[in-house]
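Here are some friendly notes to read beside the structure. Take the points one at a time, and find each element on the model as you go.

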Amino acid sequence: MQIGDRAPDFELPDQTGEIQTLTGLLTNGPVALFFYPAAFTPGCTREACHFRDLAADFAAAGVARVGISRDAVDRQRDWTDKHALDYPLLADVDGTVAAAYGVRRGALFGAIGAPTKRTTFAIGADGVIADVIASELNMGVHADRALAALT
């Protein structure tokens, strides 16, 4: 997926088990959709907490924050509770959505259960990708650039 592409719709459960779709999320405005490798890991925790810590800035801009990983619903819920994450975390257990967005890791990492690439898509209210942020090492850049791209 590249800037200017239409973001693929999806249907995934969040950490409460409620089904979320991109179409539904976009009804309230732009979405910062971030894929992360795995809950409870140091890098992913830093990234998710940075999205949490910028809650007021995202709210002021009318931008929703949504995370996706291959973790199961109960693991997403436990991570949410531990770190007071205040946005949906979606369970893409089979990696179908990661594949649609081009962020599913290949066979080198093991096809079954391989984590996704750390990538954020800044998606405008029209469903078009405004920015793609791909950094495995700079956890703060994802939220910062997504917010800048959507304001």
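1. Buried means under 20% relative accessible area, exposed over 50%, and partly exposed in between (1.4 Å probe, protein chains only). Strand names refer to DSSP runs (E, at least two residues), as helix names do (H or I, at least four residues), numbered from the N terminus. Both faces of β3 are covered, with V31, L33 and F35 buried on one side and A32 and F34 buried on the other.

2. A word on the source: this is a predicted model, in which local features need pLDDT of at least 70 and side-chain atom pairs count only at pLDDT 80 or more, while totals for chains, interfaces and linings use all residues. Residues are numbered from 1 along each chain as its sequence is written, and side-chain values use heavy atoms, with hydrogens and water left out.

3. Where does β3 sit in the sheet? Five strands form an open sheet with mixed pairing, in the order β5-β4-β3-β6-β7. Two strands pair if DSSP finds at least two bridges between them. The edge strands, β5 (89–91) and β7 (129–134), each pair on one side only.

4. Now follow the pairing. β3 and β4 run parallel and share five bridges; here F34 has G67 of β4 as its bridge partner. β3 is also joined to β6 by five bridges, but in the antiparallel sense, and V31 is partnered with I123 of β6. Further along, β4 and β5 are parallel and joined by three bridges, with L89 of β5 as the bridge partner of G67.

5. Helix α2 packs on the sheet, where it touches β3, β4 and β6, and its direction makes about 165° with that of β3. Contact means heavy atoms within 4.5 Å; axes are lines fitted to C-alpha atoms, for helices over the stretch in contact, and angles run from 0 to 180 degrees between N-to-C directions. Another helix, α4, lies across β4 and β5 and runs at about 160° to β5.

6. Which residues of α2 are buried? They are G43, C44, T45, E47, A48, C49 and F51. Their cover includes β3 (31–35), α3 (55–61), β4 (64–69), α4 (73–83), β6 (119–123) and α6 (140–149).

7. The axes of α2 and α6 come within 7 Å and cross at roughly 35°. In this contact, E47, H50 and F51 of α2 meet G140, H142, A143 and D144 of α6.

8. Finally, look at some loop residues. Most residues other than glycine have a negative phi. F40, in the loop between β3 and α2, has a positive phi near 70° and is partly exposed, with a relative accessible area of 33%. A84, in the loop between α4 and β5, has a positive phi of about 50° and counts as exposed at 52% relative accessibility. R70, in the loop between β4 and α4, counts as buried at 12%.
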